[in-house]
Amino acid sequence: MEPETSPNSSGTKPGAADTTGKKEKSAAQLKKEAEKEAKRKAKLEKFAKKQGKQQAATKQGGDSKNTAKPTKKREVTKISYDIDTKPGEKKDITRSLPDSYSPAYVEAAWYTWWMKEGFFKPEYYTGDVSTPVPGGNFMICIPPPNVTGSLHLGHALMCSVEDCITRWRRMKGQRTLWNPGCDHAGIATQVVVEKKLWRERKLTRHDIGREKFLEEVWKYKHEKGGRIYEQIKCLAASADWDRAFFSMDDNCCRAVKEAFIRLHDEGVIYRNLRLVNWSCILRSAIADIEVDKRELTGRTLLSVPGYDEKVEFGVLVLFAYPVEDSDERLIVATTRIETMLGDTAVAVHPKDERYSHLRGKYVLHPFADRRMPIVFDDFVEMSFGTGAVKITPAHDQNDYECGKRHNLPFIETIDENGMITDACPQFKGMKRFDARKAVLEALKEKGLYIETKENPMVVPICSRSKDIIEPLLKPQWYCKCDDMALNAAKAVRDGRIKIIPNMFEKTWFQWLDNIRDWCISRQLWWGHRIPAYFVTINDPDVKNGSDADNHFWISAHNEDEAMNKAVNRFNCPKEKITLKQDEDVLDTWFSAALFPFAIFGWPNETLDLKTFYPGSLLETGHDILFFWVARMVFFGMKLMGDVPFKEIYLHAIVRDAHGRKMSKSLGNIIDPLDVISGIGLEDLHEQLRNSNLDKKEIAKAIQGQKEDFPQGIPECGADALRFTLLAYSSQGRDINLDVGRTWGYRKFCNKIWNATKFALSVIGNDFIPSTQDFTKASLIDQWILNRLSMATDVCNMGFETYIFQDMTTAIYNFWWYDLCDVYIECLKPVFQNSNKEAQNIARNVLYICLDHGLRLLHPCMPFVTEELWQRLPNRTKDSPPSISVARYPENLSWRNTNIEDEVNLCQEVARVVRSIRTEYQTNKTKTDIFVKCTNEEIASTVSKYRQEITTLSYSSNLSVITTGDTPPGCAISTVSDKCEVHVMLRGIIDVQKELSKLSTKQSRLNEQLQKLQESTQSDNYDKVSFDNNQPRQGRYPLLTVTKNIVRTCYIIYRE
C-alpha cells in the first residue's frame, strides 16, 4: 500500500493498484470529491449557524420570529416489574396489564426464561441435531465483535437483522442455530491493555516481557470480555450461548494451527521480503482494513503521534538532481521529500523525447556518495509533473516494482521506529517528519530546491494508533490468493453464493479480479502465534538461509513435529539443527476467516460440523466484504471443499440524523443501551468526559450532544430500537438514524398495548377460540381478515427477499391503521347491541387478529409480543409455550380483492367527512351526512357500509341520495366525480365566517381553471405527449365539479 498518493508526486505511479484492488483516484476525481466535500461542509456549517441563531434567540427571549421553539419534552411514566422472579423462571402474568406500555416492565424476566427453556437451541424441536426436521436447518454465524469492545449502533443493526431472520426461521419450523462469539481483536486489545498498563503502573509490555504481558491480556479479557455479550442479550438476541466461541479458545487455536500448516505445506502460505503497511507507533505491519485513507484537497496540517507540532501534508515539492558530467539538472516532484534519502534512480518514459538524450546517464545524490541511473520505464506518465519520477524502492509500492524490474538497490532510510537510518549520515537519528524539514532546508542550501505547491492527495492513517503509515521492507508471511479468488468469483457467478443487494456483485468481482497476496503476519504478542520454526543448520559446510527464505521455515503443531520435518527436509541429524519459533502472530482476519467451520470443532469431524456446514446465511456490513467475507469463502472452499454459506446479506452503515459518520469527537455516537433505557443530557456529557478524547474534542462533542439531544435520550426500549433499525434497512449504503423515529415506534408499542388491552376486555377470559368458517361474518370482519392475509404475504416476502422495510411497513399499517383505527372502532357498536351471533363472530375474528398479528410482529419486537401473547385466553397444554416457537402465519385463505376496493371507498368517504368536520371545527358534535351518488354501484357500496362510515366519521346518520337534492345547510366536498359528501352544518357554524371562506376558495378555483384552460389552448399543447397531457385533462372535470359545488354552497349560505 502506498503511504500517500498524489497525481503529481512520486507517491503514485500510473497503472498500480493498492492492496484492496481499487484504482487510485485521479486529480480530477479528487478535485470533484473535494468540491462535493466542501459543499457538504458548507451545508453542515449553515446548519450549525442556524442552530446557533436559534439558541441565541432562545436565550434572549422575546417574540422574535427567530426565537427557537422549546423542544417538547417526552415524559412518560416508567413502570417497573417488581414481582420476585428468579432468573430462568417464567414471568408472572396473573396480574393485570399496566395502564400503559413501559419497556422496563415488558422486557423484564423474559430473556432468562427463554434461555432456560432452550428455545434458542437447535435441539429444541427434536432433542438432538441429527434427527431431520421438515423445515430443514438454518445456520447463521454472528460477525464476532471485539472482545474488549462495547455495543454500538452497528452491532445493534446487525443483531436486529440477524435475530429477526433467525426468529422467523424458527417460527417456520426450521432447526435454527445463531452461533454467537467474540474476536480476540489482536491490535485493538493489545493497544487497550498497553495503555492500561502504562496508566496504572507506568510500564510497557517490553518491561514485563511477553509471558507476563499475555497474562495481563487474559486477565483483562476475563474482566471485560463478557460485557458485550450481556449488551447483546439486552437486544433479545436469540443466540445459542452454550455454543458461544472465542477466537483464542482451544478449538480455534487448533483450527488456526491446522489451517496454517496445511496451507504452508501446500505452498499457499509462504515467507517473503516485501513492502508492508507499517505503523511506527505499534511497531507492526497492519491489515489493509486498519488503514484509513484521508483525502486532502491541498495543504493541510495533521497531528501525528509523537510530534509536538502538526505536520504538513498536501503539498508537492519540486527539486533537482544534477546529471553526472553535465550542467543539466533533472527536476522531479514528491509529496514526501524525506524519502529522497533512499532514492536509487530517476525514471522517465521510453517515448519521452525530452529525455531521450539521457539514456545510459546517471544523476548524483546530493547527500550520499550515490550514482543513480536514469531508467526508462513505461509506467511513467509523460504528463505527470515534469515527466521524471524519483524512485525509492524501499519505501514506495510502485517504486518497489520498478526497482525489481531494473535491479536497483533497495536502501532503507526509515527504520521501524520512524527514525532515519545511517543511509545518509547527515540526517541519521532524526524522526522522519523532522527530517522532512531538514532535507528541504538542505536542498535549498545546495540550490536544488525548485518550489512547493498545493496538491490533492490521500494520506494513509493507522485506524488504531492514528499514525501515518510508512511502507517498509520486512520479511513477512503471505497467503497466495489468486486461485482462491477465482473459485470465490466462480461461486457467485454460478449461483452457489448469492450476494444481497446484488449491486455489490460488481465490487466483489472487481476486487477478486485485481487481488494481491495477503500479508498475514503481525508484529504483536496478543494473537495466534505463527506455528512456524526457522531452521538453522549448525554445520560449516551447510549454507544457512535468511529470515526471508521460505525454504528454511518449517510449520508444525509443536517443536517435536517441526524437528522431524526439518530432519527429513535437510537430511541432517537432530543434533545439528536449531529451531526457533516465529515471534509474530497471525492477522486477526486469518482466524476470523475460519469461523464458519472452526466453531464446530474442525479439523475434527464433529456432528455439529456435519449438520451445520455449510451455513445458510452470512449477514454483515458491506465495509468488510473483502477483508472478512471473501476470506471466509477462500478458506471454506479450500479447506472444506464447499462454500461456507449460501447467501450473503450486506446491511447498511449507520450514520446520524444529519448523515454524518458516527464519531466520538462529534458527540453523535449513540450507545444502543442508552436508547433502550434512556439517559439524561448530563449523563451523556459525563460519558464523554470519561472517554479518551482530547479536551478540545470533548468540548466540541458536548456541543454536538446539546444540539442533537437537548433533553437527553428518552427510554424507548429494545423493541422500538429494533423496529427502527429494521424499518430503516432498505438495502442502501447508509442509514441516517434519527432517535426521534425510535420514540415514534415506542408509541407504536403503546398503540399495540392499548389495542390488546381493549380486545382482551371484550373477548373475555372465558372465550374459547373456534374454527368456524366466516361465511356469516360481517363485511368489516371479512375486510380485516383480508388485510391480515395481505400483511402476512408481504411479511413473508419481505423476509424471503431481505426487504425489511416492506415487512415493517406492512405490520405497522395492519396494527395501527387497519386493526386499531378501523376495525376496533367499527366493533364498538357491535358490542353495544344485542346481536350475540355477530358478537361471537367478532370475538373470533378479533382473537385471530391478535394472535396472528402478534406472531407476525414477534421477530421484530420479541418482548412486547411475548408479554401480550401470553395473556391470550384459553391456551391449551398443546399450545406452544412461547410465541418464539409458535408457527409464523403464512398462506392465509381470507384474501378478498372485491371487499378491499369497497372498504377503500368507504374509508375515503369517512375521510372526507372528517376533513369537513375539521375545517368547520365541529369534531365534537355528531351531525347527519348525505352521500350523493350518480353511480348505482357506488351508492350500493356506501349503503352496505352505512354503519362503518358513520362510526369512522363520528356521524349520527347517513343517507344515500341518487336523485333529487340534498337538504339545505350542508357543507359539500367531493370523493370523486361520481360521489359527493354533504355534511349538515345548519345551526352548528358561523355562516358569515363560512361565506368569506367560500368566496376565497371560489376565487382560487377560478384562477386554477383559467390557468388550465390557457395551458390547453396554447400552441405547444398539441406537441406535448398524450401521457403528459393526461393529468391536466383529468384535473379539468374535477376542478369544474369542485367549483360548481363551492358556488352552490356559497349561494346556499348567502340565502
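**Helix packing in a predicted model**

The buried residues of helix α7 (buried: under 20% relative accessible area, 1.4 Å probe, protein chains only) pack against α3 (110-117), α4 (153-171), β3 (181-182), β4 (245-246) and α18 (672-677). Contact means heavy atoms within 4.5 Å. Helices (H or I, at least four residues) and strands (E, at least two) are DSSP runs, numbered from the N terminus. The model is predicted: local features need pLDDT of at least 70, side-chain atom pairs count only at pLDDT 80 or more, and totals for chains, interfaces and linings use all residues. Residues are numbered from 1 along each chain as its sequence is written, and side-chain values use heavy atoms, with hydrogens and water left out.

Helix α7 spans residues 227-234. Its buried residues are Ile228, Tyr229, Gln231, Ile232 and Lys233. Ala236 follows α7 and has a positive phi, near 70 degrees.

From α23, Asp781, Ile784, Leu785, Leu788, Ala791, Thr792 and Cys795 take part. They meet Ile841, Ala842, Val845, Ile848, Cys849, His852, Gly853 and Leu856 in α25. The contact residues divide into 11 nonpolar, 3 polar and 1 charged.

The unreviewed UniProt entry lists residues 988-1015 as "coiled-coil region"; such annotations may be inferred rather than shown by experiment. In the model, residues 988-1015 are 89% helix and 0% strand. The end C-alpha atoms of this span lie 41 Å apart.

Terms used:
Ala, Val, Leu, Ile, Met, Phe, Trp, Tyr, Cys and Pro count as nonpolar, Asp, Glu, Lys and Arg as charged, and the others, Gly among them, as polar. Buried means under 20% relative accessible area, exposed over 50%, partly exposed in between (1.4 Å probe, protein chains only).
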